[in-house]
Amino acid sequence: MGSPQPPEEVVFAYHERTKHHPRRYAASPPTLDWATQPDPFRRYRGAPLVSLPIALEGPPLPFWALYVPGAVAPEPLSLDSLSRFLRCALALTAWKRFGLSTWALRANPSSGNLHPTEGYAILPRLEGVADGPAVHHYAPREHGLERRADLDPAVWSELMAGFPPRSFLVGLSSISWREAWKYGERAFRYCQHDTGHALAALRFAAAMLGWQLFLLEGVGDADASRLLGLDRERDFQGAEREYPELVALVMPARTEGSAGLPGSLPAEALRRAGAVSWHGQASTLSPAHAADWPIIDEVERATRATRHAGMEEDFSGSPSEEELHAPPVRSGSFDAEKVILGRRSAVSMDGTTSVSAETFFRMLARLVPTRDRRSLPWDAIPWRPRLHLGLFVHRVRDLRPGLYALARDPERVAPFRAGFNRPFLWRRPAGCPPGLPLYLLEEGDYQAIAAQISCGQEIAGDGAFSVAMIADYTAAISVRGAAFYRNLFWEAGVIGQVLYLEAEEAGVRATGIGCYFDELVHDLFGLSPDWQSLYHFTVGGPVEDARLTTLPAYGPGAGA
């Protein structure tokens with residue numbers, strides 16, 4: 001019997017195997033078995049449920065203010081503020097109806113609207129929620145918290161000893177079956193995209209309350225599983241398992257970033273936190289599974305490594321806010337709640353709507369972390385950008401159509417450029433802010449090509465522009481290990497969520513594109529195999545489907 005395959009090799013093999021090709025798509029079900037469609041709402045039967053107040057509105061707050069450090073005074077942690085936080089991060093935003101069918105939309109977007117991501121909150125004693133510290137599962141359909149476990153106050157104090165008072169934790173997990181039911185082997189990729197979407201949604205929701213949120217990169221997957229109760233075999237008998245993704249710290253206080261804060265949680269406190277009485281049995285999502293996908297289990301195992309405190313990364317070469325936005329953006333059309341709760345994924349684009357070069361530059365600048373590590377939402381993750389952008393510019397006023405490239409880390413322009421084995425121009429466009437490393441590669445009409453490489457989806461060519469998110473793939477995994485494969489997709493999801501919200505603020509729409517022909521992207525840009533495209537996106541004027549009825553998310557007239 002041979003030695004086990006190294007985790008990095010498992011990841012590389014999975015990624016190659018799950019690429020789409022024009023004549024061979026990644027393995028997936030030949031047809032959709034509607035009888036086994038997964039329930040998008042998990043509940044823990046027997047766990048006490050606390051309903052959160054729904055009809056809450058904060059003071060008017062322009063969306064642009066979320067990007068200004070210190071512009072929003074921190075609200076105290078309370079039942080109402082917690083409700084608003086979860087409402088703007090993971091809750092339902094509307095129901096849609098067509099004929100006899102209804103389905104929910106959420107603040108955190110999802111591939112195929114299948115929602116593999118589950119949310120958890122580990123809270124101190126909070127009036128109206130629990131009489132002591134506890135682990136809660138968030139139930140989005142009910143907008144409520146299911147109390148999964150009561151924590152000893154001494155354990156809670158030990159767990160949170162390194163953080164400001166009234167801080168709490170949030171966790172995310174994935175149920176890969178929800179995506180695999182439709183997408184088969186490529187589902188693991190989409191679960192990670194959605195984790196990134198949800199992480200960014202949590203960060204924007206926290207900013208709306210003046211709170212901060214940091215990913216605790218040093219919390220290992222086994223510890224996260226123990227903390228969230230996902231390692232409990234008896235609670236998942238007959239039910240689809242959840243896999244831990246991340247744990248993040250939320251601080252309802254004003255600090256100067258994450259410097260000096262622990263990047264992990266005390267090991268003994270984590271052990272004791274898991275050794276308590278748990279409530280509830282996980283609901284089964286499908287009566288049967290029409291197919292199993294062993295490759296997903298393999299890549300899950302390969303990327304579930306023990307994590308350590310993240311590497312200290314130097315952001316001093318990143319641009320300042322003034323260099324990215326000259327002058328910094330201090331205006332906008334909508335308030336924060338309207339943008340966050342109004343976010344929708346466009347199902348098609350009109351092929352005519354354009355955006356201004358100023359709007360285009362602003363959107364791209366929001367994707368670049370600043371050197372002071374205070375730019376939203378990039379202050380939530382501790383690593384420097386590993387994803388850069390190939391851009392198909394179709395309809396941006398005062399900008400020539402063609403192929404462009406954005407290096408999201410200015411110090412990686414040279415290696416990014418070296419990864420393109422084609423004689424491109426690499427010319428800075430006129431009017432581009434000095435801190436935005438954007439380059440024109442080649443002029444021309446790329447609408448048909450953008451659609452072709454996105455599995456023939458016209459939406460990629462009908463928008464104002466579309467994006468290929470290109471990862472410094474081999475180098476990142478070689479340095480950070482197999483588990484960082486997940487982080488690369490999280491970063492892609494965070495980029496996507498910023499584009500979603502920036503599009504709403506600009507009066508247009510965006511949508512993620514998970515189906516694309518990987519190697520056609522690489523051939524178009526002349527990319528070496530060390531660089532891989534991980535996600536596509538498009539932004540433009542949406543075409544609304546008049547056949548659909550929109551219903552409220554909660555309360556009278558809701559679609560549930």
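This report covers aromatic pairs, a helix contact and some loop residues in a predicted model.

## Basis of the values

Local features in this predicted model need pLDDT of at least 70 and side-chain atom pairs count only at pLDDT 80 or more, while totals for chains, interfaces and linings use all residues. Residues are numbered from 1 along each chain as its sequence is written, and side-chain values use heavy atoms, with hydrogens and water left out.

## Aromatic pairs

The whole structure holds 30 aromatic pairs. Rings of Phe, Tyr and Trp (its six-membered ring) pair if their centres lie within 6.5 Å; planes under 30 degrees apart count as stacked, over 60 as edge-to-face and the rest as tilted. In the pair of Y14 and Y485 the ring centres are 6.3 Å apart and the planes stand at 85°, so this pair is edge-to-face. Y14 belongs to helix 1 (residues 7-17) and Y485 to helix 16 (residues 484-505), so the pair ties together parts 471 residues apart in sequence. Helices (H or I, at least four residues) and strands (E, at least two) are DSSP runs, numbered from the N terminus. Y14 is buried, at 0% relative accessible area, and Y485 is buried with a value of 0%. Buried means under 20% relative accessible area, exposed over 50%, and partly exposed in between (1.4 Å probe, protein chains only).

Y500 and F537 have ring centres 4.9 Å apart and planes at 80°, so they form an edge-to-face pair. Y500 is in helix 16 and F537 in strand 19 (residues 532-540), so far as sequence goes 37 residues apart. Y500 is buried at 4% relative accessible area, and F537 is buried at 1%. Elsewhere, ring pairs join F392, F416, F420, F424, W426, Y439, F525 and W531 into a cluster.

## Charges over rings

The charged end of R366 sits over the ring of Y67, 3.6 Å from the ring centre. R373 has its charged end over the ring of F315, 4.4 Å from the centre. A charge sits over a ring if NZ of Lys or CZ of Arg is within 6 Å of the ring centre and within 35 degrees of the ring normal.

## Helix 15 against helix 16

Helix 15 (residues 473-480) packs with helix 16 at an angle of about 135°, and the axes are 9 Å apart. Axes are lines fitted to C-alpha atoms, for helices over the stretch in contact, and angles run from 0 to 180 degrees between N-to-C directions. The two helices, helix 15 and helix 16, are therefore oblique to each other; angles under 35 degrees count as roughly parallel, over 145 as roughly antiparallel, 65 to 115 as roughly perpendicular and the rest as oblique.

From helix 15, Y473, A476, I477 and R480 meet F484, Y485 and L488 of helix 16. Contact means heavy atoms within 4.5 Å. This contact has 6 nonpolar, no polar and 1 charged residues. Ala, Val, Leu, Ile, Met, Phe, Trp, Tyr, Cys and Pro count as nonpolar, Asp, Glu, Lys and Arg as charged, and the others, Gly among them, as polar.

## Loop residues

V347 is in the loop between helix 10 (336-342) and strand 12 (355-356), and is exposed at 67% relative accessibility. Leaving aside residues up to four places away in sequence, V347 touches I459 and V543.

R373 lies in the loop between helix 11 and strand 13, has a positive phi near 60° and is partly exposed at 23%. P377 is in the loop between helix 11 (357-365) and strand 13 (387-393), and the L376 to P377 peptide bond is cis, with omega near -5°.
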